[in-house]
Amino acid sequence: MVCKIGADPSALQGSLKPCRVLESAPNGFTWQRIMKLGIDPNKNILRAFPTFVGQFDVPNAAQVNPILEKVILARESSAEGKSKSNIGGWHSDIDFHEWPEVKQTDIVDSFYSAVSNMVAMSAMAQKFNLKCHFVSWANVNRKGSHNAVHNHCNAHWSGVYYVRTPEYDTDDLDRAGDLTFYDPRGAVNMMAHPGKCVDGESIRIKPIQGRIVLFPSWLYHSVYPFQSDIVRISVAFNARVEQFSEL
Ligand SMILES: [Fe+2]
């Protein structure tokens, strides 16, 4: 018996081999295995509507982070913070990339490079001219600070760079103020299913010092309450593609 997989087998353009049916009844079947795949998943199964989330380690983070930490904490002590998605914590103006001390480092170039990588992936292009509208801001979180579920309007790509984070065990996500992404596919979480492909579980990313996490601006996300006694410092940014031409 050929397994019923809810799709036209001929559309998969592979060979579907029989599997062993352990039990059959009017209400359904129990299979020993779903199917013996005679198809190449990479060739025959289309990953429709993928969501790209990039993670990039900044090579000179160890040198640049102490500089950023100093300038961000100095700004925090002299400027009133903004109230955005942050619950508690300090959120700077959106001109971080224009601060003179920041311009003396190449950290913003790393942000541009990360955005370029995401555009390259999306456009499937190797060489191109790219012009983006760019804004960035610094965040200082202390114990209890968190960010409500939100996305970033008026941008294509958003990112966060971790200047200072606690060093916890990899399982201790709650204390580190992990970044949580929510599955954007509507009611995909209506039914549990093995794996994340059609389950709808959220994805939690542990903040790593010196790392950029980059994602589509429309993707809903939040930050778990930060529980450490140390200060947590990050920089967030938005990039809106305004011109793109492949070379
Ligand atoms: Fe955000």
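Colleague: Where does Phe215 sit?

Modeller: In this predicted model, Phe215 lies in strand β11, which covers residues 211-216.

Colleague: Why is Phe215 called buried?

Modeller: Phe215 has 22 C-beta neighbours inside 10 Å. The cut-off for buried is 20 or more, so Phe215 counts as buried.

Colleague: Which residues does Phe215 touch, leaving out those up to four places away in sequence?

Modeller: Those residues are Val53, Ser158 and Phe181. Val53 is 162 residues from Phe215 along the chain, while the two C-alpha atoms are separated by 4.6 Å.

Colleague: What makes β8 and β11 a pair?

Modeller: Strand β8, residues 157-164, is joined to β11 by 5 bridges in the antiparallel sense. At least two bridges are needed for a pair, so β8 and β11 pair. Val160 stands opposite Val213 in β11, and Trp157 has Pro216 of β11 as its bridge partner.

Colleague: How do you know that β3 pairs with β11?

Modeller: By the count of bridges: β3 and β11 have 4, in the antiparallel sense, where at least two are required. Gln55 stands opposite Val213 in β11.

Colleague: In what order do the strands of the open sheet come?

Modeller: The order is β3-β11-β8-β13-β6-β5, 6 strands with antiparallel pairing.

Colleague: How does the reach of α2 compare with the span expected at 1.5 Å a residue?

Modeller: The 18 residues of α2 reach 25 Å from first C-alpha to last, close to the expected 26 Å.

Colleague: Why are the buried residues of α2 said to line one face?

Modeller: The buried residues are Ala61, Val64, Asn65, Leu68 and Ile72. Seen down the axis of α2, they fall within an arc of 100 degrees, so they line one face of the helix. An α-helix has 3.6 residues a turn, so residues three or four places apart point the same way.

Colleague: What do the buried residues of α2 pack against, and which residues are exposed on the other side?

Modeller: The buried residues of α2 pack against α4, β6, β8 and β13. Exposed on the other side of α2 are Gln63, Pro66, Lys70, Ala74, Ser77 and Ser78.

Definitions and conventions: Residues numbered from 1 in each chain as written. Predicted model: local features only at pLDDT ≥ 70, side-chain atom pairs only at ≥ 80, totals over all residues. Helix = DSSP H or I, 4+ residues; strand = E, 2+ residues; numbered from the N terminus. Buried ≥ 20, exposed ≤ 12 C-beta atoms within 10 Å, placed from the backbone. Contact = placed C-beta atoms within 7 Å. Expected span 1.5 Å × (residues − 1). Arc of directions from axis to C-beta.
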